[in-house]
Amino acid sequence: MKYMIMMFGSQLDYDAIAGRVNEGRPAWSEEDMAALHAFMEKWNDDLVQSGEFVDACGMTAPVHARRVEVRDGVPVVTDGPYPESQEVLAGYTIVECASFDRATEIAARLADTPAPAGEDLGGRAWYVDIRPVAGSAAELEL
């Protein structure tokens with residue numbers, strides 16, 4: 001069964017990682033970024049070694065996004081960034097493993113992702129979403 005582990009962030013997160021202070025959030029240093037890259041590289045390598053890795057991709061900052069909405073039957077395009085507090089998909093990893101519990105165990109390891117000292121994730125709760133990939137199993141019980 002394949003599962004997508006989706007990581008979320010906001011424009012503020014992207015600004016901090018790019019080394020910019022925004023709304024009091026600490027900018028990430030080169031050392032902070034090195035720790036993040038090392039952590040993610042190990043996390044991905046462990047999945048490759050276990051045979052559970054399928055695919056992964058990070059997304060560019062929300063400032064590079066466009067949203068298409070329908071208003072009164074007409075498509076309306078809005079360029080990003082969106083309100084600073086709005087979280088968007090920051091990246092994903094697809095794993096193929098034996099169970100939803102195993103996919104959850106893999107995702108839970110991301111709770112140890114390093115961040116700058118004093119970083120409180122912007123006063124918000126940290127989370128990732130895990131969802132089965134459609135078509136990867138004959139039947140999913142709801």
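Among the contacts in the protein chain (heavy atoms within 4.5 Å) between residues at least 6 apart in sequence, 73% join residues at least 24 apart. This is a predicted model, in which local features need pLDDT of at least 70 and side-chain atom pairs count only at pLDDT 80 or more, while totals for chains, interfaces and linings use all residues. Residues are numbered from 1 along each chain as its sequence is written, and side-chain values use heavy atoms, with hydrogens and water left out.

The protein chain holds three helices and six strands, taken as DSSP runs (H or I, at least four residues, for helices; E, at least two, for strands) and numbered from the N terminus; along the sequence they follow the pattern β-α-α-β-β-β-β-α-β. Of its 142 residues, 29% are buried, that is, under 20% relative accessible area with a 1.4 Å probe, protein chains only.

The largest pocket contains about 900 Å³ of space, and of the 33 residues that line this pocket, M7, I17, L36, A90 and T113 are the closest to its centre. A pocket here is an open set of points on a 1 Å grid over the protein atoms alone, where a 1.4 Å probe fits, with protein on both sides within 12 Å along at least five of seven lines; lining residues have an atom within 4 Å of a point. The elements giving two or more residues to the lining are tabulated below.

| Element | Residues |
|---|---|
| β1 | 2-9 |
| α1 | 11-17 |
| α2 | 30-50 |
| β2 | 53-58 |
| β5 | 88-96 |

With five residues, α2 gives the most to this lining.

Note on methods: Buried means under 20% relative accessible area, exposed over 50%, partly exposed in between (1.4 Å probe, protein chains only). Grid points are joined across faces, edges and corners, and a volume is the space filled by probe spheres set on the points.
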